[in-house]
Amino acid sequence: MRPAAKIRAVNPTQIFPGSGSDRFHLVDGEMHCEGLAITALAERFGTPLYVYSRAAMEDRFDAVRDAFGADARICYAVKANPNLSVLRVFGERGASFDVVSGGELARVQTAGFDTSEVVFAGVGKTRAEMDEALRAGILAFHVESAAEVEVLEDLARERGTVAPVALRLNPDVDVDTHAYISTGRKQDKFGLDLAIAGALVERIARSSSLRLRGYHVHLGSQLKDPKPYARALDRIEAFVDAASARGEGVEYLDVGGGFGIAYGTGEACDVRAVAHAVVDRIRARGWRPTTEPGRFLVGDAGVLVSRVLARKDGGDKGFLVCDAAMNDLIRPALYGAHHPVGAVRAPDRAPAPLTVDVVGPVCESGDFLARSASLPPMVEGDLLAVLAAGAYGASMASNYNSRPRPAEVLVDGGDVTVCRRRETYEDLYRAEIDS
Ligand code: LLP
């Protein structure tokens with residue numbers, strides 16, 4: 001494992017306004033990521049460009065480790081940013097992984113990490129995916145339905161092995177977040193209703209091809225309040241205590257991920273408060289505390305750098321048309337999510353800022369990266385950065401409008417590596433059959 005990133009490559013003079021990490025900072029009015037100027041990166045690698053800070057990822061991982069303790073298992077939620085180099089940052093720091101598809105499992109294997117601590121969640125796993133995970137020898141399938149248990153048992157029997165299982169419980173706990181990413185209420189498709197989970201425990205106990213190893217809960221994403229985590233634990237404890245068989249063989253409780261970040265307003269989730277609410281109670285039962293954060297680890301560690309193509313003034317509002325679009329970062333369009341934006345280089349004089357919509361070239365009015373943003377007057381060729389774009393940015397990017405996806409680079413002190421090259425036009429139709 002790399003040593004903790006205590007010694008900084010640069011002495012940050014000023015955090016970049018709106019950034020949740022001081023690894024993005026200003027030096028003489030110029031945005032830097034760790035030791036490198038964003039302008040130089042944009043010139044070298046082109047735009048749109050995802051820039052990640054390794055140290056920012058390590059800072060956040062260390063914060064979760066400090067909060068949850070040395071004995072906790074931290075499974076990085078691969079979906080937040082599945083880049084192999086990102087997996088490596090966390091894997092080298094002692095993380096395991098939370099995957100939700102065969103593709104994510106293949107990434108962990110390709111990155112060269114041990115899969116014996118990998119957890120496999122997801123409300124709909126195919127038989128083929130279950131088979132792949134069974135062969136890989138993962139920690140547990142986080143089972144979400146009775147049907148899944150049947151398929152898994154069948155597969156395990158066929159292979160002459162025992163499938164490790166943790167039940168993902170739906171504790172019916174409400175959280176304060178966007179409806180699309182709330183996952184622990186009765187009306188959500190996720191997890192097992194507590195009323196039926198008891199029968200599944202018995203079903204698993206009767207099977208010689210299945211073994212109950214733990215419980216899992218994931219309440220939703222972009223959460224700030226620790227209380228729902230404690231409420232969910234209350235319900236899980238009540239569930240387990242209602243019948244002795246429910247605690248048999250249980251080794252861990254996975255409290256999920258969901259720790260929110262600031263996105264330019266307020267504070268990030270206090271992971272210490274979350275850990276404080278649950279960890280000792282989990283340990284007291286002899287279970288290993290397990291968590292699976294995604295956004296908290298990578299969100300503030302990445303920015304999307306884009307060049308202004310045109311400034312359109314007049315009418316009710318002005319627009320900055322830039323070369324990044326909703327296909328590169330869909331969160332504003334999909335969830336109405338707010339991402340802070342800023343000029344990469346502050347203007348020499350400080351003229352009054354303008355209120356503009358930052359939009360992309362995609363042929364939809366829903367294609368915006370920021371609405372009513374306050375930015376210094378910017379013109380064609382200037383660079384702007386969309387902040388907090390490290391999670392669910394590149395991972396949700398598409399080729400809509402036949403736009404090649406951006407390059408991604410990973411900065412480490414004064415070094416930079418391309419961790420995903422920019423796509424070419426040929427990449428766009430590589431899988432198509434032109435018959
Ligand atoms: N574990 C499970 C079972 C999950 O479903 C998720 C996220 C996580 C862990 C990680 O959650 P995180 O710590 O990153 O909040 N695309 C949306 C977020 C979707 C989250 C899906 N599940 C967004 O851009 O806000």
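**Note on cavities and ring contacts**

1. The residues lining the largest cavity divide into 8 nonpolar, no polar and no charged. They are Val217, Leu219, Tyr229, Ala232, Leu233, Ile236, Leu253 and Val255. Helix α8 (residues 227-241) gives the most to this lining, with 4 residues. The model is a predicted one.

2. The volume of the largest cavity is about 40 Å³. In total, the structure holds 4 cavities of 30 Å³ or more.

3. Across the whole structure, a search finds 10 aromatic pairs. One of them joins Phe120 and Phe141, with ring centres 6.0 Å apart and planes at 40°, so this pair is tilted. The pair links distant parts of the chain, 21 residues apart: Phe120 belongs to strand β8 (residues 119-120) and Phe141 to strand β9 (residues 140-143). Both Phe120 and Phe141 are buried.

4. Phe259 and Phe296 make an edge-to-face aromatic pair, at 6.3 Å centre to centre and with 80° between the planes. Here too distant parts of the chain are linked: Phe259 lies in the loop between β13 (252-254) and α9 (271-284), Phe296 in helix α10 (residues 295-298), and the two are 37 residues apart. Phe259 counts as buried because its relative accessibility is 1%, under the 20% cut-off. Phe296, with a relative accessible area of 4%, is buried as well.

5. Phe259 and Phe296 also belong to a cluster linked by ring pairs, together with Phe68 and Tyr229. Tyr229 is among the residues that line the largest cavity.

6. Two charged ends sit over rings. That of Lys125 is over the ring of Phe120, 5.5 Å from its centre. That of Arg73 is over the ring of Tyr252, 5.1 Å from its centre.

Terms used
Residues numbered from 1 in each chain as written. Predicted model: local features only at pLDDT ≥ 70, side-chain atom pairs only at ≥ 80, totals over all residues. Heavy atoms only, no water. 1 Å grid on protein atoms, 1.4 Å probe; cavity = no way out; pocket = protein on both sides within 12 Å on 5 of 7 lines; lining within 4 Å. Points joined across faces, edges and corners; volume = space filled by probe spheres on them. Nonpolar A, V, L, I, M, F, W, Y, C, P; charged D, E, K, R; others polar. Phe/Tyr/Trp six-rings, centres within 6.5 Å; stacked < 30°, edge-to-face > 60°. Buried < 20%, exposed > 50% of the residue type's maximum accessible area, 1.4 Å probe, protein only. Lys NZ or Arg CZ within 6 Å of the ring centre and 35° of its normal.
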